[in-house]
Amino acid sequence: MRDMLRQSGTLFGLIAIVIFFAVQLPETFLTARNLLNISQQISMLAITAFTMTIVMVMNDFDLSVGSMASLAGVVAGALFAMDYPIWAGVLAALGVGMAGGIFNGFLVAYVGILPFVATLGTLTMFSGLAFLISDGKTIFGRDIPAEFGGFARSGIPLDGLGFEGLLVPSLSLLALVILFLVWVTLEHTTYGRRLYAIGGNIQAAYLAGLNVRRVRLSAFALTGIGAAVAGLMYASRVASANPTQGSGLMLDAIAAVFLGMTMGREGEPRVLSTLVGVLILGVLDNGLTQMNVDSYIREILIGAIVIAAVAISAIGSRR
Amino acid sequence: MQSLRFVGLSKSYGSAPALRDVTLELAAGRVHALMGENGAGKSTLIKLIAGVVPADKMTVERDGQAVTLKSGKDATRAGFRFIHQELNVVPQLSVAENIFLARDLPQRFGLLINWRKLHGLAREALETLGITHIDPARQVGALSTVDRMLVRIASALVAAPGEKRPCLYVLDEPTAALSETESERLFAVIQRLKSEGAAILYVSHRMNEIMKICDDVTVLRDGIGVMTEKVATVSRMAIIHAMTGKDLGDAFPARTKAVGQRVSAVVTGLSSQRLRDANFSVREGEIFGIAGLSDAGQTELVQLFLGIEKVTKGQLVVLGRAVPKSPSEAWSRGIAYIPRDRRSEGLMLRMPIRANMLLPHLADYGVFARKGSETHRARDLARHVQLRATGTEQSVGDLSGGNQQKVVFARAMAGTPRLLLLDEPTRGVDVGAKFEIYTLIREMSAQGCSVLLASSDLPELLGLCDRIVILQDGRQTCMVVPEGMTTADLLARFYWQDAA
């Protein structure tokens with residue numbers, strides 16, 4: 001009973017936040033338009049956090065996702081500027097994401113550097129590369145194909161359902177697809193079982209015959225690809241690419257996974273719990289913006305909430 | 001102090017009583033054994049008298065006077081010292097610093113550490129225990145396990161200025177990681193503490209030790225004190241009977257099937273970083289022992305077959321092929337491994353029994369995991385090893401030591417291995433579970449699986465093995481057939497001499 005309360009506390013927190021904003025902003029908050037809007041606002045963070053969950057299951061983490069997202073956007077933008085077709089730019093960006101992830105995984109699993117140090121290093125490298133490729137400028141305007149920017153504005157119309165003029169944004173749908181893929185991977189494949197085993201006891205996993213290095217490397221590759229997808233979505237949404245646009249993603253993604261971990265039976269990351277963490281951050285951001293709360297105060301509040309949730313969970317699990 | 005009485009010790013966790021109205025009387029200058037199977041309440045009892053867990057009921061009297069025991073500080077103040085099997089020494093610091101870890105170090109000008117004085121005091125503390133071979137300036141990380149334990153005991157002995165001498169030492173399975181010679185050294189120190197008038201509470205699973213060094217014994221079963229006797233007047237069988245409620249003895253299940261003819265592993269002129277010139281072969285169904293003083297290379301020899309310890313010279317052919325390159329290759333070729341330390345190397349403690357058992361066998365399921373058939377398989381395995389658990393989803397960390405070890409066995413047996421590598425398979429396991437594990441080892445051997453058994457438990461080696469190879473400092477010194485040998489005979493072989 002007590003465990004149940006502790007585990008669902010974060011979910012209750014989300015509900016409380018939603019109720020708070022629904023009361024404070026009766027006109028605008030709980031409308032279909034705003035909810036769809038939130039779903040689009042959080043879609044990039046969501047994908048980053050979902051794929052971040054994959055490495056965090058193994059007790060690793062990846063600080064380089066933000067600069068990887070910027071780099072992927074810039075790579076696609078630079079190729080577009082050179083008149084390459086959209087598919088080529090997208091593929092190249094995803095390829096860069098995977099390569100960067102594999103590099104992270106190589107450093108962590110084969111060279112044996114702590115993930116904190118390894119990905120702190122690559123964070124700087126990826127960021128530098130993004131500046132180098134873009135020459136420190138924003139790639140925008142005619143350089144970005146209209147269809148590429150159009151993707152972020154597209155969606156499935158809800159006209160028939162009584163919501164005239166509303167769309168379920170493609171970005172939100174993409175986030176849902178990634179959520180499903182990560183969920184299947186973590187919960188329903190033997191690969192996912194291996195990830196959790198490594199998180200449970202890496203030495204035991206190794207001695208019980210798991211190919212720990214390969215699994216770790218591949219997990220970092222997946223996180224890198226996730227970051228690249230998020231970077232492409234950013235670029236599509238603002239129809240431009242610049243070398244810093246992904247920089248806010250990393251801390252929020254890790255915070256979302258930590259919020260989610262408060263819901264695990266043993267404090268382990270689960271991707272559906274990560275979704276709850278992402279929703280808390282997204283709803284707070286949306287609601288506080290609408291209430292015209294200063295963005296600096298917003299940051300203080302969000303930080304405090306992450307700490308409070310994790311602290312309550314830590315105190316609750318102590319016996 | 002003359003006597004120390006702990007009366008009416010009771011403690012429940014939730015609705016489950018862990019200890020019910022146990023009374024323990026300790027006398028100065030006597031070693032009192034505390035025995036019982038895992039889960040019988042020994043750890044709870046120790047936690048209560050250490051003041052780290054609040055008792056539901058407990059009165060403590062020293063020479064008839066009441067003692068308050070509400071916190072760890074109270075216990076220290078009362079002169080109680082605790083030495084656990086998991087050693088809390090800081091390997092990076094020197095012996096002297098470790099001894100004075102919880103104390104103020106002697107200083108110069110109130111600022112600098114007075115090293116000379118510190119080392120002198122540390123040497124004194126060690127000498128009161130009759131220990132002269134440990135240099136106080138040495139880093140603890142470089143010491144052997146027994147020496148670390150002696151440092152720990154020395155540190156427990158050091159009294160702060162104005163503090164009384166300790167009157168009670170509680171040793172919780174101190175010899176679990178020690179070889180027989182090292183244990184001897186510890187026993188000598190215990191004798192010394194005893195002669196100085198301290199009371200000693202000694203927890204161990206090893207019957208031989210109890211008979212040898214203890215004066216009194218109290219047996220717990222299911223949280224109740226079922227026996228308190230003088231060791232001199234009680235038989236081993238009676239103690240085992242009290243612990244288990246049934247008669248087991250030191251009995252080992254007998255071999256049911258002859259050793260096979262085919263050879264499953266051949267080692268020729270093999271050397272590695274740790275090992276020198278090993279030569280032997282193991283046949284199908286054979287139980288092949290690996291013995292020696294502690295840290296003589298047993299673990300490295302076992303890990304050779306896993307591809308962890310690398311061959312530098314000579315040859316190793318296992319199951320018809322060259323040595324595997326990694327544990328994952330070893331497992332996929334039918335080599336199963338049970339590591340020395342189940343908690344740090346064997347189990348994912350916070351994960352369910354199911355996940356722990358099937359870890360090396362995930363490849364059997366292809367890409368997609370199937371929880372239904374996993375659970376089914378885990379349940380069959382649990383039944384096979386007679387696991388006592390609430391279900392296959394229970395966290396392994398909640399199980400007793402013996403049951404945790406059965407989970408590791410179930411994992412190894414699940415793939416029907418052809419070579420089973422065991423490193424201290426019954427360490428910290430109670431008598432009842434020990435016997436069940438021996439039965440499992442016999443069963444594997446009867447199925448034609450070769451077993452490599454590295455162990456520091458001499459009766460276990462003699463009772464199970466067909467042959468035993470003896471290592472000394474990484475070198476293979478001899479090979480013995482246990483038939484008709486006593487533990488003393490075997491121990492004597494650990495000290496190899498050119499003449500022998």
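## An exposed aspartate in a loop

A:Asp135 is exposed, with 10 other C-beta atoms within 10 Å. A:Asp135 sits in the loop between helix 6 (115-134) and helix 7 (146-153) of chain A. Its phi is positive, about 60°, although A:Asp135 is not a glycine. Most residues other than glycine have a negative phi.

B:Asp63 lies in the loop between strand 4 (57-62) and strand 5 (65-67) of chain B, and B:Asp63 is exposed, with 12 other C-beta atoms within 10 Å.

## How to read this model

This is a predicted model, in which local features need pLDDT of at least 70 and side-chain atom pairs count only at pLDDT 80 or more, while totals for chains, interfaces and linings use all residues. Residues are numbered from 1 along each chain as its sequence is written, and chains are lettered from A and ligands numbered from 1 in the order in which they are written.

## The two chains

Chain A has 14 helices and two strands, whereas chain B has 17 helices and 22 strands. Helices (H or I, at least four residues) and strands (E, at least two) are DSSP runs, numbered from the N terminus. The C-alpha trace of chain A spans about 55 × 50 × 40 Å along its principal axes; for chain B the spans are about 70 × 55 × 50 Å.

Does the radius of gyration of each chain agree or disagree with that of a compact globule? For the 319 residues of chain A, a compact globule would have a value near 20 Å, and chain A has 20 Å, which agrees. For the 500 residues of chain B, the value would be near 23 Å, and chain B has 24 Å, which agrees too. This radius is taken over C-alpha atoms, and the globule rule is 2.2 Å times the number of residues to the power 0.38. Buried residues make up 48% of chain A and 45% of chain B.

## A helix tucked inside chain A

Helix 12 (residues 249-261) of chain A has 13 residues and reaches 18 Å from its first C-alpha to its last, close to the 18 Å expected at 1.5 Å a residue. The expected span is 1.5 Å times one less than the number of residues.

Twelve of the 13 residues of helix 12 of chain A are buried, so this helix is largely enclosed by the rest of the structure. Among the buried ones are A:Leu249, A:Asp252, A:Phe258 and A:Met261.

## Strands in chain B

Four strands of chain B form an open sheet in the order 14-13-16-17, with antiparallel pairing. Two strands pair if DSSP finds at least two bridges between them. Strand 14 (278-283) and strand 17 (321-322) of chain B stand at the edges, each with a single partner strand, so one side of each has no neighbour in the sheet. Strand 13 (residues 263-272) and strand 16 (residues 311-318) of chain B pair in the antiparallel sense over six bridges; B:Ser272 has B:Val311 in strand 16 as its bridge partner.

Elsewhere, strand 18 and strand 19 (residues 419-423) of chain B pair in the parallel sense over four bridges, and B:Ala336 stands opposite B:Leu420 in strand 19. Both faces of strand 18 (residues 335-338) of chain B are covered: B:Ile335 and B:Tyr337 on one side, and B:Ala336 and B:Ile338 on the other, are all buried.

## Nonpolar cores

A nonpolar core is a set of buried Ala, Val, Leu, Ile, Met, Phe, Trp, Tyr and Cys residues joined through C-beta atoms within 7 Å. The largest has 168 residues, and A:Ala72, B:Leu421 and B:Leu452 have the most contacts inside it. Helix 11 (residues 212-238) of chain A gives the most to this core, with 15 residues. A second, separate core of 69 residues includes B:Ala33, B:Leu34, B:Val60 and B:Val431.

Two residues are in contact if their C-beta atoms, placed from the backbone, lie within 7 Å. Leaving aside neighbours within four places in sequence, the contacts of B:Leu421 include B:Phe305, B:Ile335, B:Tyr337 and B:Leu452.

## Where the chains meet

The contact takes 20 residues from chain A and 23 residues from chain B. On the side of chain A that touches chain B, helix 9 (190-200) and helix 10 (202-207) of chain A are the elements that give two or more residues. Helix 9 of chain A supplies the largest share, seven residues.

How values were computed:
Buried ≥ 20, exposed ≤ 12 C-beta atoms within 10 Å, placed from the backbone.
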